[in-house]
Amino acid sequence: MNVPYQNLERLHQPDQAAFEAAIQRVISSGDFTGGRFVQSFEDSFANYCGSRHCIGVGSGTEALWLALLACGIGPGDEVITVANTYVATVEAIVQTGAKPVFVDIEEDSHLLDASKLRAALSERTKAIIPVHLYGQMARMELISAFAKAHQLRVIEDASQAHGATRLSRKAGSWGDLGCFSFYPTKNLGAFGDAGAIVTNDLELADRLRSLREHGQSTKNQHHRFGWNCRMDSIQAAILELKLTQLDRWNSLRHEVALRYQEQLIPAHPTIELPITLAENEHTYHAFVLRSTNRDLLKSQLSEAGIQTLIHYPRAIHQQEAYRHFAPTAGTLPVTEQLVSEILSLPCHPHLTRDEQTYITNTIHDASIQQLAA
Ligand SMILES: *Cc1c(COP(=O)(O)O)cnc(C)c1O
């Protein structure tokens, strides 16, 4: 059997005709960027997140970058975040001229450890970017309280957490700004690149609308420097359709994750299964286990035709371009330990029971072989 990590074909196939009709509507309208399709999706997504405003942009990376710019963050400023994330989180900080300051993560949840914030704080700190990695939210009540006490902005990187909640509040709606990616493999994915920022703050929303369109306030009136970060109408039309299925797809992912938990409990003692924090609703963008024999397990699964990924094989401060942002040695022990142990199993809404049983059986066989060796 061959089990790919993703299967977008199965996701899209049932709605093929609706997608084609949506694309045809955009073609007929001649309205290809910004405009009514984008506006309509923005309204729907803001509503879904429980936020007042949504600003569609070209990617999740642009969402993060513009969010920082809208908060006035630039050279001389520091932004606290984690080093176990996709590079874009940190890249956006560096693009503004600000300095990323890394804090360690919690051993069990793999998310930002709020108890480490104080040690990372300086008089230059302007913002915190918690990353809701793998589909569950960081401890936002603690992060928000810390930010409030020190007058910091909070920008959520919710690129892997569309629809996730903490204390019944949606990802993206907790911070000053919430950033999303709609890269095709995300829980809500476009047919190409797209992203968005949600916020309750009208002033920030206006600034973001201006920043994404060359810093203009009204047509040809440029009050600030901006860039072209517009969302395409075709992506907006597709996202609007897919948004109606997001909750169903997330619950299918949840079922897959529950089955992994049930089937893998008796696995080898070197395997540790992921946990969900109390008060979190997890959307399982990824099902990430830990194994002290990770590389061997990955190759055993690969030999059986099962594709796995590592999110991510290096922490950001271990990447060549970011080495000079590495904190004092010993500051990120959990982050550095995890990168060699994590493994993401296929976990998408249309993984079949047979495929999943094949995966878990292969893991059990691999564990027995590893024990015997
Ligand atoms: C995907 C992702 C991004 C970047 O989004 P793009 O749309 O690819 O630019 C940023 N942060 C995290 C955590 C992501 O998973």
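Analyst: The second largest pocket has a volume of about 210 Å³, and 14 residues line this pocket, with Val101, Phe102, Ala120, Pro327 and Thr331 closest to its centre. The model is predicted, so local features need pLDDT of at least 70, side-chain atom pairs count only at pLDDT 80 or more, and totals for chains, interfaces and linings use all residues. Residues are numbered from 1 along each chain as its sequence is written, and side-chain values use heavy atoms, without hydrogens and water.

User: What makes a space a pocket, and what makes a residue part of its lining?

Analyst: On a 1 Å grid over the protein atoms alone, a pocket is an open set of points with protein on both sides within 12 Å along at least five of seven lines, and a lining residue has an atom within 4 Å of a point. Val101 is one of the residues that line the second largest pocket, and therefore has such an atom.

User: Which element gives the most to the lining of the second largest pocket?

Analyst: β3 does, with 5 residues; β3 (99–103) and α6 (117–120) are the elements that give two or more. Strands are DSSP runs of E with at least two residues, and helices are runs of H or I with at least four.

User: How do you know the class make-up of that lining?

Analyst: Ala, Val, Leu, Ile, Met, Phe, Trp, Tyr, Cys and Pro count as nonpolar, Asp, Glu, Lys and Arg as charged, and the others, Gly among them, as polar; on that basis the lining has 9 nonpolar, 1 polar and 4 charged residues.

Definitions and conventions: On a 1 Å grid over the protein atoms alone, a cavity is a set of points where a 1.4 Å probe fits but cannot get out, and a pocket is an open set with protein on both sides within 12 Å along at least five of seven lines; lining residues have an atom within 4 Å of a point. Grid points are joined across faces, edges and corners, and a volume is the space filled by probe spheres set on the points.
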